[in-house]
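Hi everyone, thanks for coming.

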Amino acid sequence: MTIAATEVVALTNEPDIVAVRRRVREVAQKLGFSLVDQTKLVTAASELARNNIIYGGGGALQIEELNGARTGIRLKFEDKGPGIPDIDLAMRDGFTTGSGLGLGLGGAKRLVHEFDIVSKSGEGTKVTITRWK
Amino acid sequence: MEKIPILRMGDYLLVTIQVDMHDRLALTLQDDLTRAINETSAKGVLIDISSLEMVDSFIGRMLANIAAMSRVLDARTVVVGMQPAVAITLVELGLPLPGIRTALNVDAGMELLRNGKSNFKFGRPSR
């Protein structure tokens, strides 16, 4: 597997969530993802971008186009926020410290093929998702 | 400020979401609609989301809130025109849309608002 292209989208405030959706959609279209697969990845990206901005105080998204035996897209969301003290709890549906539905993390995980989250208290959170074509 | 227009047609309010729904716009629509239901004594609200390419948990919550608020104000809410890819994604996301009635298109949605049921059974009428 090789990374064919990489780009970075800054996440600062709420309109950036819309920018992330647009850009992820464009990349997924370019790589020939089906409409359902595009929609799943864009929806997961929207949830994670919002988490990054609202709970993590913003950061950046790195978009990687993967090719080789399989074609895919990997999205890495990184923030320098307070971190998540209990990841298992945060992954659970219905859990939220904010005003959301608490579906962001668990929901995003169900919409992609690979999901990884690393969080350190006081240092920030990194969420990596991959969806294969 | 950007706003989504709310049209009045008889006893009903019609909203067509044609822009990329950012979070603040969703909250504005929620407030505007609640006010409009109150001012016009509308009996129902029809929200056309056929142009929406994605519904995430935030937009889903807005739709659920609108339905809940309009119910308290004695109006029904019907969401119409959800794209199939959006519906598939919503189910996998695990998003419950409590209290939201849906219809395939505006015609079926208006029927549902007027009679409380849809007469469309077989086939998919053109939009």
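I'll start with the ground rules and then go to the helix.

This is a predicted model, where local features need pLDDT of at least 70, side-chain atom pairs count only at pLDDT 80 or more, and totals for chains, interfaces and linings use all residues. Residues are numbered from 1 along each chain as its sequence is written, while chains are lettered from A and ligands numbered from 1 in the order in which they are written.

Now, helix α2 of chain B covers residues 57-72; helices here are DSSP runs (H or I, at least four residues) and strands are too (E, at least two), numbered from the N terminus. Among its buried residues are B:Phe58, B:Met62 and B:Ile66, buried meaning 20 or more other C-beta atoms within 10 Å of the residue's own, with C-beta atoms placed from the backbone. What do the buried residues of α2(B) pack against? In chain A, they pack against α2 (35-54) and α4 (104-110), and in chain B against α1, β3, β4 and α3. After α2(B) comes B:Asp74, with a positive phi near 65°.

On to the contact between the chains: 18 residues come from chain B and 23 from chain A, counting pairs whose C-beta atoms, placed from the backbone, lie within 7 Å. On the chain B side, α3(B) gives the most, with six residues.

Finally, the strands of chain A. β1(A) and β2(A) run antiparallel, joined by nine bridges; strands pair if DSSP finds at least two bridges between them. β2(A) also pairs with β3(A) in the antiparallel sense, over eight bridges. A:Gly59 stands opposite A:Leu11, and also opposite A:Asp79 in β3(A).

Terms used. The expected span of a helix is 1.5 Å times one less than its number of residues. A residue is buried if 20 or more other C-beta atoms lie within 10 Å of its own, exposed if 12 or fewer, and partly exposed in between; C-beta atoms are placed from the backbone. Two residues are in contact if their C-beta atoms, placed from the backbone, lie within 7 Å.
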